[in-house]
Amino acid sequence: MEYPAEWLSNMERLLGGEYAAFLQAMAREPARSMRLNALRDGAASDRAGEAIPWSPFGRYLREADAVRTGQDIAHAAGVYYMQEASAQAPAEALAPKPGEVVLDLCAAPGGKASQMAAKMGGRGALVANEIEFPRAKALSGNLERLGVRNAAVVSETPERLAIKFPETFDAVLADAPCSGEGMFRRDPETRLAWTPGSPAGCAARQAKILDSAAKMVKPGGRLCYSTCTFSDLEDEGTARVFLKGHPDFSPADFELNGVGRSEGGMLRLWPHKLKGDGHFVALMRRAGEAAPAPRRQAGRMPAALLDALPGRWAGALDGWAIEESNGRVDALPPEMPDLDGLRALRRGVRLCEARGFLRPDHALAMAFAPEFFERRASLDDRGARAFLAGEAFAFDAPDGWTHVSWRGFPLGFGKMSQGVLKNHLPKGLRLR
């Protein structure tokens with residue numbers, strides 16, 4: 001495997017006596033890993049192996065197993081998310097708590113955002129932003145599949161968000177675009193794209209992103225800056241430039257099991273020291289104390305939806321705002337900040353469409369376990385594959401909208417009619 005000569009020189013300068021061990025690690029096959037979804041009670045995967053020390057729900061894949069997510073029922077049911085082991089470190093360092101208001105500023109494809117949502121346990125509000133709209137759509141789909149209820153997905157520039165959300169968030173994650181050196185052994189494209197000027201260009205962009213991020217952190221709140229590069233110009237360099245220019249922020253030390261304790265709020269994950277790719281994490285805290293944030297007014301659930309889809313799912317959304325826009329009804333957590341004027345793809349849980357007819361939304365099916373619905377169909381492996389392929393089939397259940405599940409995990413909605421379960425899985429989500 002060939003690497004850019006100037007990059008190798010930089011790494012030798014940076015690592016000194018550890019350089020040879022680093023090169024040996026870079027020649028090894030990278031570890032494959034996943035994160036079990038803590039929002040799915042009892043979530044497990046037949047392919048999960050050894051635990052990732054710094055991530056409570058992280059698991060390495062067994063070497064003999066291959067995962068084709070487009071053919072896997074457990075993946076479709078949101079049981080797990082394929083996520084590189086070291087990439088699970090920033091969310092653990094930021095440690096969002098239930099009830100907080102959290103921003104993932106560069107969120108696609110959704111690994112860190114869904115990890116933070118799981119740590120929040122469905123309480124509080126998460127805003128997940130991705131500037132590139134197609135990537136924002138993928139982000140929204142992943143959060144839906146994983147059953148995240150309390151997230152909004154927006155597609156905006158950091159500068160525009162900073163104007164919209166001054167001193168709004170208890171915790172902000174800026175997993176900024178970088179030169180990708182930590183991914184060199186896994187992704188040949190990152191090696192081909194790298195130039196000697198890449199780190200300096202990325203550092204300039206990172207500084208602008210962090211300037212915007214800082215404006216959105218509440219007094220007393222936390223800012224986590226992370227990259228998947230080895231460049232000290234982008235890593236410690238960018239963090240130090242930020243701290244020098246923002247005296248109201250100070251380093252906040254943290255510790256990750258199996259990695260170690262940060263120094264000056266900064267910690268690196270090295271492939272020759274652990275089973276994962278290269279990553280950098282810096283945690284900073286803003287001085288001061290925030291005033292209580294405004295809360296959304298609770299709303300009333302549409303009576304037609306309650307009649308069409310009986311169950312205790314609605315009780316789990318007591319106190320949430322219920323808002324209708326363009327014939328679609330959403331449930332938003334009371335902590336969700338004002339989203340007006342933003343390009344929002346998702347606002348909490350999409351409940352239904354109401355355009356002269358009523359259709360429960362797929363997001364509602366994925367947000368709750370089967371026991372939250374009165375009418376439900378539990379499928380075996382064969383039935384689940386048929387449902388995920390878009391098929392309708394005979395089933396013994398009462399007529400009406402029906403929650404469809406597999407091994408206790410949600411798959412979507414069907415509609416029973418005279419002994420036939422008609423399929424209402426969105427076409428774009430059907431197994432290939």
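Author: Buried means under 20% relative accessible area, exposed over 50%, and partly exposed in between, with a 1.4 Å probe and protein chains only. Cys352, at a relative accessible area of 0%, is buried, whereas Cys228, at 22%, is partly exposed. This is a predicted model, in which local features need pLDDT of at least 70 and side-chain atom pairs count only at pLDDT 80 or more, while totals for chains, interfaces and linings use all residues. Residues are numbered from 1 along each chain as its sequence is written, and side-chain values use heavy atoms, without hydrogens and water.

Reader: How many disulfides does the structure hold?

Author: A disulfide is a covalent bond between the sulfur atoms of two cysteines. The criterion is a pair of cysteine sulfur atoms within 2.5 Å. The structure holds zero disulfides. For Cys228, the closest cysteine sulfur is that of Cys178, 3.5 Å away and therefore too far for a bond.

Reader: Is Asp104 buried or exposed, and which side chain of opposite charge is nearest?

Author: A salt bridge requires a side-chain nitrogen of Lys or Arg within 4 Å of a carboxyl oxygen of Asp or Glu. For charge, Lys and Arg count as positive and Asp and Glu as negative; His and the chain ends are not counted. Asp104 is buried yet has no salt bridge, and the nearest side chain of opposite charge, Lys112, is 7.4 Å away. Contact means heavy atoms within 4.5 Å. Beyond its neighbours within four places in sequence, Asp104 is in contact with residues including Lys112, Met116, Leu126 and Leu173.
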